[in-house]
Amino acid sequence: MNALEIKNLRKHYPTFSLNDISLTLPMGCVMGFIGENGAGKSTTINLILDLIRRDSGSIQILGRDTAGGLPPELKEQIGVVLDECCFPEMLDLEDIDAVMAAAYRTWSRERFRRYGKEFSLNPKKKIKDYSRGMKMKLSIACALSHDSRLLILDEATSGLDPVIRDEMLDLFYEFIQDESHAIFMSSHITSDLEKICDYIALIHHGNLLFCEEKDTLLNRMGILKCSRQTAESLDPDAVYGRRTTAFGVEALVNRFMIPRDLTAEHATLDDILVYLVKGETK
């Protein structure tokens, strides 16, 4: 059973369309979902969560088709952290504990309070007085305090300093050690995704450009710096995107498809995103 299966997902707006998105997240794995602002990441996540209606396509979560919406027993198994804290700002930690205990059969008050202490969240402090980082930590604590099997994270490490982000990644890594768990994680902080993800999916202008294993992707992709003449001589299928400068050409290439006498540096996820989204077409 896969944690998440999306096939030919479509959603049309007057100024934007999500086009035939298909991807599969196996159990026991983490998928990073990347793309520029407005590429369709949040739209995809909202469709997965049934917050908006799809035009066509199918979504299966934990082996269940969600065409008729998310049943309560499935919601119990999905932990969600969106890019904004969704709790009323006049509540405090104890209020949220009571609300969530009433909403989730599997809510663990003991676990939630433990995360509250671990994250240094003052139980008497109102959410309106929380920093953005504290709000994100509160959302993460809530997502981990019921029997979630699939975590859906939309910029969950946004607003956190590098030390706290590293602690959060450790939590996610611990969560994924149970092979009946999985994480679908959207983030602009690609260094976080490089640390924890098994798969990377890139969306651009509503189109999925690729979805594949991270290690295979990073092993294949390289940055080649060369003259314009050399760039023009390359197999077009080996070049994914390029940028022309006053000193020559920098190109995102398939390292296994360029001549052996050329050396390409390993590309990062940031490199891949920039060249595919902003680079010149090949």
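D50 is partly exposed, with a relative accessible area of 26%. Here buried means under 20% relative accessible area, exposed over 50%, and partly exposed in between, with a 1.4 Å probe and protein chains only. The model is a predicted one, in which local features need pLDDT of at least 70, side-chain atom pairs count only at pLDDT 80 or more, and totals for chains, interfaces and linings use all residues. Residues are numbered from 1 along each chain as its sequence is written, and side-chain values use heavy atoms, with hydrogens and water left out.

D50 is found in the loop between α1 (41-48) and β4 (56-61). Helices (H or I, at least four residues) and strands (E, at least two) are DSSP runs, numbered from the N terminus. Most residues other than glycine have a negative phi. D50 is not a glycine, yet its phi is positive, at about 60 degrees. H205 is not a glycine either and has a positive phi of about 50 degrees. The loop that holds H205 runs between β9 (199-204) and β10 (207-213). H205 is exposed, with a relative accessible area of 52%.

## Helix α1

Which residues of α1 are buried? They are K41, T43, T44, I45, L47 and I48. Because 6 of the 8 residues of α1 are buried, the helix is largely enclosed by the rest of the structure. Just after α1 comes D50 with its positive phi.

T43 lies in helix α1 and has a relative accessible area of 15%, which makes T43 buried. Leaving aside residues up to four places away in sequence, T43 touches K11, Y13, F16, L18 and I52. Contact means heavy atoms within 4.5 Å.

## L25 in strand β2

L25 belongs to strand β2 (residues 16-26). Its relative accessible area is 0%, so L25 is buried. Not counting residues up to four places away in sequence, L25 touches N2, A3, L4, V30, M31, L150, A182, I183 and F184. L25 and F184 are 159 residues apart along the chain, and their C-alpha atoms are separated by 7.7 Å.

## Helices α3 and α4

Two packed helices are described by the angle between their axes and the distance between the axes. Helix α3 (residues 93-103) and helix α4 (residues 109-118) pack at an angle of about 150 degrees, with axes 10 Å apart. That makes α3 roughly antiparallel to α4. Angles under 35 degrees count as roughly parallel, over 145 as roughly antiparallel, 65 to 115 as roughly perpendicular and the rest as oblique. Axes are lines fitted to C-alpha atoms, for helices over the stretch in contact, and angles run from 0 to 180 degrees between N-to-C directions.

On the α3 side the contact is made by L93, I96, D97, A98 and A101, and on the α4 side by R109, F112, R113 and G116. By class, this contact has 5 nonpolar, 1 polar and 3 charged residues. Ala, Val, Leu, Ile, Met, Phe, Trp, Tyr, Cys and Pro count as nonpolar, Asp, Glu, Lys and Arg as charged, and the others, Gly among them, as polar.

## The whole chain

The chain has 10 helices and 14 strands. Along its principal axes, the C-alpha trace spans about 65 × 40 × 35 Å. Of the 282 residues of the chain, 51% count as buried. Among contacts between residues at least 6 apart in sequence, 68% join residues at least 24 apart.
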